[in-house]
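Student: I've got a structure open and I'd like to learn how to read its sheets and domains. Can you walk me through it?

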Amino acid sequence: MTLNDSLRIPDSVATRTMGSETVLLNLETGTYFGLDTVGSRFIELLESNDKLSVVYSRMLEEYDVEPDTLKADLLRLSQEMCSRGLLEPAG
Amino acid sequence: MHTYCICGLTIASNIPLPELGPTTNFDAECRFWLNPPAYPSERDIDWFHEWQIERTDEEDSGEPWARFARREDGYLVRFPSCADFSVSLDVSEVRCVPLPDVPEVTVRHLLLDQVLPLILSRRERIVLHASAVSTKSGVIAFAGRSGRGKSTLAMAFAQQECALVSDDCLVLRRGERNWTALPSYPGVRVWQSTADELAHDDANTADVAHYTDKRRIADLQGLPFAAGPEPLLALFVLADEQPTISVQRLTAAKALMAWAEFAYNLDITDAAFLRAHFESVGQLAAEVPAHALYYPREFSSLEAVRVAIRNCLEEMNTNDPE
């Protein structure tokens with residue numbers, strides 16, 4: 001996976017924002033997944049623009065974080081969510 | 001047929017269910033038949049789900065405690081070492097075929113404490129694997145995995161001017177203003193050591209099932225039972241054992257994850273049901289305070305645990321007098 005990828009939440013996933021956190025439910029597997037404040041912001045941005053590169057640039061502006069650290073964290077989270085069926089390639 | 005009420009459900013049974021209270025409503029919503037014992041004849045069953053229970057290495061045979069399969073006319077819930085339960089699609093009929101030599105007390109336990117919670121999960125918005133007691137301010141519930149101390153804690157509270165609402169299966173309904181907890185049926189199931197420590201000396205105890213040493217205590221003098229539905233005040237998750245007592249508020253998201261984990265669900269592959277249930281547990285998590293409860297599992301700590309929970313409830317009341 002790279003920042004050139006585009007991702008979206010599949011129709012088979014339900015989401016619910018609870019305060020600053022988000023819970024996702026994969027309706028095909030019945031498994032739940034919780035996201036903290038930063039992870040919730042990632043999903044929020046991804047829902048408005050499916051390009052990881054755009055989400056990355058926006059989060060780099062918003063958070064006090066090293067570019068390489070953010071990139072690694074975003075790609076790791078994206079990979080994990082894809083493996084759980086919570087994200088899928090867009091377009 | 002004998003007719004009873006459990007968690008607001010009227011059930012008719014072809015065998016007596018002495019654990020349940022009598023009911024004046026004879027319009028049964030669910031019918032149970034105990035059929036003659038037999039060995040399962042069906043083969044090549046496509047199981048879609050199974051339950052594992054925590055066992056010691058010596059006990060671990062690798063076999064699941066329960067398996068679930070879907071049929072054209074409903075569901076099959078198999079307890080491989082005890083019995084098959086066939087549940088109709090609309091959960092209005094349950095038929096049990098026990099293995100030979102499985103006693104009726106075990107069948108009743110499986111029906112009341114394993115199968116009926118699953119049936120209720122299809123009829124009610126939320127059915128939690130939780131014990132609960134009624135306090136002066138409302139119902140407090142204790143959710144957690146098997147063996148975490150739900151029954152012991154409920155029993156400890158029930159002996160201190162609280163009424164037992166549930167030992168293991170808690171039905172929650174959303175009313176116009178709040179969530180209410182429905183009483184399940186009288187009594188708790190605890191290990192003999194807990195009965196020795198907490199029950200009255202003259203309290204009657206009974207077998208729970210042939211495969212466990214747990215005892216059923218239904219002593220209404222020492223363990224008063226709630227008279228009817230009452231508002232739900234707070235939920236506590238019994239967390240991993242810790243040497244010190246602490247109560248930590250859960251975020252709504254963490255509470256949602258917890259209630260989802262501890263909810264009964266007959267069919268985890270029913271996407272429409274899962275979506276509706278997700279909304280329900282989300283609403284519960286947003287509206288009812290939830291806490292993680294850490295404490296040492298020692299009888300000598302129970303009074304301090306009760307005090308910690310009462311302090312937590314008073315603090316909630318101070319912060320939110322409404």
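Tutor: We'll go through a sheet, some hairpins and a domain boundary in turn. Keep in mind that this is a predicted model.

Student: Let's start with chain A. What is the strand order of its open sheet of three strands, and how do they pair?

Tutor: Reading across, the order is β2-β3-β4 in chain A, and the pairing is antiparallel. On the edges sit β2 (13–18) and β4 (31–35) of chain A, each pairing on one side only. Neighbouring strands here are turned against each other by 20 degrees on average, ignoring direction.

Student: How many bridges join β2(A) to β3 of chain A?

Tutor: Six bridges link β2(A) to β3 (residues 21–26) of chain A, and the two run antiparallel. To get your bearings, find A:A14, which stands opposite A:L25 in β3(A).

Student: Which helix packs on that sheet?

Tutor: Look to chain B for that one: helix α5 (residues 271–287) of chain B packs on the sheet and touches β2 and β3 of chain A.

Student: While we're on strands, which way do side chains point in a regular one?

Tutor: In a regular strand they alternate between the two faces of the sheet.

Student: Now chain B. How many residues lie between β7(B) and β8(B) in their hairpin?

Tutor: Three residues separate them. Strands β7 (residues 74–79) and β8 (residues 83–88) of chain B pair in the antiparallel sense over six bridges, and B:R78 stands opposite B:D84 in β8(B).

Student: Zooming out, where are the domains in chain B?

Tutor: Domain 1 covers 2–123 and domain 2 covers 126–319. Their C-alpha centres lie 23 Å apart.

Student: How many residues of the two domains of chain B are in contact?

Tutor: 24 residues of domain 1 of chain B are in contact with 23 residues of domain 2 of chain B. On the domain 1 side, the elements giving two or more residues are β5 (47–51) and α1 (104–123) of chain B. The largest share, 10 residues, comes from α1(B).

Student: What classes of residue make up that side of domain 1?

Tutor: The side of domain 1 of chain B that touches domain 2 has 13 nonpolar, seven polar and four charged residues.

Definitions and conventions: Residues are numbered from 1 along each chain as its sequence is written. Chains are lettered from A and ligands numbered from 1 in the order in which they are written. This is a predicted model: local features need pLDDT of at least 70, side-chain atom pairs count only at pLDDT 80 or more; totals for chains, interfaces and linings use all residues. Two strands pair if DSSP finds at least two bridges between them. Helices (H or I, at least four residues) and strands (E, at least two) are DSSP runs, numbered from the N terminus. Axes are lines fitted to C-alpha atoms, for helices over the stretch in contact, and angles run from 0 to 180 degrees between N-to-C directions. Two residues are in contact if their C-beta atoms, placed from the backbone, lie within 7 Å. Domain bounds come from an automatic or database domain assignment. Ala, Val, Leu, Ile, Met, Phe, Trp, Tyr, Cys and Pro count as nonpolar, Asp, Glu, Lys and Arg as charged, and the others, Gly among them, as polar.
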